[in-house]
Amino acid sequence: VPMVAPGNVQVHVINSTLAKVHWDPVPLKTVRGHLQGYKVYYWKVQSLSRRSRRHVEKKILTFRGNKTFGMLPGLEPYSSYKLNVRVVNGKGEGPASPDKVFRTPEGVPSSPSFLKITNPTLDSLTLEWGSPTHPNGVLTSYILKFQPINNTHELGPLVEIRIPANESSLILKNLNYSTRYKFYFNAQTSVGSGSQITEEAVTIMDE
């Protein structure tokens, strides 16, 4: 098997899900056989928005021939990763380069995990929601938009409310009685808005 590990391993993080890794080729005489390529082992150490450490699954990408760089797609935003590089010949792999740590930046969050509308009265509705399963960063706020729907399914004026990220419920007051409303709800990080969840609810007709 090869004798030495690739040197000077560098990681260039391109965006929240993509990084480029490059390395110096090993001297050919240390390959001790036919150079088949280089393998990059990489794994997620932890999510920076949640401190949970789960079973670490190592991923391997093989770059054929004498390539000295490669792309790592499909990374998770706002996470800490490690990687190392090994050279491969027909017999097997050489030793691993020292582990290199890198971090992906924040991305936009997934949609809130649920939106529930309860306690209708003449002029109010209560909204409850769950935070996104994948925050992909530090949540900065939630954005709620809503509008009335009349009997011919035309949409009325849209109202927008920004809600602090640490809230999980809201009572909407001063609504029209016996009116159907449509709600659009999403979470935000400093990068931008995630995908929205929609729901409809009706205020009651009379007490």
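This is a predicted model: local features need pLDDT of at least 70, side-chain atom pairs count only at pLDDT 80 or more; totals for chains, interfaces and linings use all residues.
**Reading a two-domain chain**

Trainee: How many salt bridges does the count give between domain 1 and domain 2?

Mentor: The count is zero. In the whole structure, the search finds six salt bridges.

Trainee: Which side chains meet in a salt bridge at 3.0 Å, N to O?

Mentor: Those of Lys39 and Glu93. Lys39 sits in strand β3 (residues 37-47), and Glu93 belongs to the loop between β6 (79-88) and β7 (100-103), so this pair ties together parts 54 residues apart in sequence.

Trainee: Where does Gly92 lie?

Mentor: Gly92 is in the loop between β6 and β7. Leaving aside residues up to four places away in sequence, Gly92 touches Val1, Pro2 and Val87. Gly33 is 59 residues from Gly92 in sequence, with 10.0 Å between the two C-alpha atoms.

Trainee: Back to the domains. Which residues does the domain assignment give to each?

Mentor: Domain 1 covers 7-104 and domain 2 covers 112-202. Taken over C-alpha atoms, their centres are 42 Å apart.

Trainee: How many residues are in contact across domain 1 and domain 2?

Mentor: Four residues of domain 1 contact five residues of domain 2. The area buried between the two domains is about 390 Å², and carbon and sulfur atoms give 54% of that area. On the side of domain 1, Arg50, Pro77 and Tyr78 supply 78% of the area buried against domain 2, more than any other three residues. The residues on that side divide into two nonpolar, one polar and one charged.

Trainee: How many residue pairs are in polar contact across this interface?

Mentor: The rule finds zero, with both residues required to be at pLDDT 80 or more.

Trainee: What about secondary structure: how many helices and strands does the chain have?

Mentor: Zero helices and 15 strands.

Key
Residues are numbered from 1 along each chain as its sequence is written. Side-chain values use heavy atoms; hydrogens and water are left out. Domain bounds come from an automatic or database domain assignment. Contact means heavy atoms within 4.5 Å. Buried area is the accessible area (1.4 Å probe) that two parts lose on being put together, summed over both. A salt bridge is a side-chain nitrogen of Lys or Arg within 4 Å of a carboxyl oxygen of Asp or Glu. A polar contact is a pair of N or O atoms within 3.5 Å; within protein, one must be able to donate a hydrogen and the other to accept it, and residues adjacent in sequence count only if both atoms are side-chain atoms. Ala, Val, Leu, Ile, Met, Phe, Trp, Tyr, Cys and Pro count as nonpolar, Asp, Glu, Lys and Arg as charged, and the others, Gly among them, as polar. Helices (H or I, at least four residues) and strands (E, at least two) are DSSP runs, numbered from the N terminus.
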